[in-house]
Amino acid sequence: MTAFTRFLGEKAERYIELRHSLGYSFSKQAGTLRAFVRYVERAQYDAPATRTMALDFVLSFGGAANSRTTRHGVLRRFYEYLAVFDAQTETLRPWSVEFFPDPGRFRRRGSSASQSWRRSSTHVRAFRQASLSGGGRWQR
């Protein structure tokens, strides 16, 4: 075990204690942090904690995208805590920004969010008017 891995493990345990003392149920997140420390030890990463290190860990697991997003969120908050003790710790951006830095490029041309909302609210109003009979009851 390297000095960095020992430091990381100690700070992870302190962070878990802090979250518990604040009243959070932190069992799954604690498991994620401990798995991250084991991953760093196996991969033999050295200081400082980097974005690449965190993303490699998050993407090393299979499973649903939501699970990876949750792991990334746990590490992002831990990295913020870790930066207090090690100024060289890189910050992690939110998952969506990490992989999709320009979400506007996926929007359809000639359409904006407000136009889409207007269209959908018009459809909802029309549906409600067509579906309601006298007395405010839904028709089958």
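The protein has six helices and zero strands, where helices (H or I, at least four residues) and strands (E, at least two) are DSSP runs numbered from the N terminus. Reading along the sequence gives the pattern α-α-α-α-α-α. This is a predicted model, so local features need pLDDT of at least 70 and side-chain atom pairs count only at pLDDT 80 or more, while totals for chains, interfaces and linings use all residues. Residues are numbered from 1 along each chain as its sequence is written, and side-chain values use heavy atoms, with hydrogens and water left out.

**The overall picture**

- Of the 140 residues in the protein, 30% are buried; here buried means under 20% relative accessible area, exposed means over 50%, and partly exposed is in between (1.4 Å probe, protein chains only).
- Take the contacts with a separation of 6 or more: 52% of them are between residues 24 or more positions apart, with contact meaning heavy atoms within 4.5 Å.

**Meet helix 2**

- Helix 2 has 17 residues and reaches 24 Å from its first C-alpha to its last, close to the 24 Å expected at 1.5 Å a residue; that expected span is 1.5 Å times one less than the number of residues.
- Its buried residues are Ala30, Thr32, Leu33, Ala35, Phe36, Val37, Tyr39 and Val40.
- The cover over those buried residues of helix 2 includes helix 1 (3–21), helix 3 and helix 4 (65–82).
- Arg38 also sits in helix 2, but Arg38 counts as partly exposed because its relative accessibility is 45%.
- Arg38 and Leu8 are 30 residues apart in sequence, and their C-alpha atoms are 9.9 Å apart in space.
- Just after helix 2 ends, Gln44 takes a positive phi of about 55°.

**Helix 2 against helix 3**

- Two packed helices are described by the angle between their axes and the distance between the axes.
- Helix 2 (residues 27–43) and helix 3 (residues 51–59) pack at about 110°, with axes 10 Å apart; axes are lines fitted to C-alpha atoms, for helices over the stretch in contact, and angles run from 0 to 180 degrees between N-to-C directions.
- That makes helix 2 roughly perpendicular to helix 3, a label for angles of 65 to 115 degrees (under 35 is roughly parallel, over 145 roughly antiparallel, and the rest oblique).
- On the helix 2 side, the contact uses Thr32, Ala35, Phe36, Tyr39 and Val40, and on the helix 3 side Met53, Ala54, Asp56 and Phe57.
- Those contact residues divide into seven nonpolar, one polar and one charged; Ala, Val, Leu, Ile, Met, Phe, Trp, Tyr, Cys and Pro count as nonpolar, Asp, Glu, Lys and Arg as charged, and the others, Gly among them, as polar.

**Helix 2 against helix 4**

- The axes of helix 2 and helix 4 come within 10 Å and cross at roughly 75°.
- So helix 2 is roughly perpendicular to helix 4.
- Gln29, Thr32, Leu33 and Phe36 of helix 2 meet Arg71, Val74, Leu75, Phe78 and Tyr79 of helix 4.
- This contact divides into six nonpolar, two polar and one charged residue.

- The 18 residues of helix 4 should span 26 Å at 1.5 Å a residue, and its end C-alpha atoms are 25 Å apart, which agrees.
- Buried residues in helix 4 include Arg71, His72, Gly73 and Val74.
- Thr91 lies in the loop between helix 4 and helix 5 (95–99), and Thr91 counts as exposed because its relative accessibility is 61%.
- Thr91 and Glu80 are 11 residues apart in sequence and 6.7 Å apart in space, C-alpha to C-alpha.
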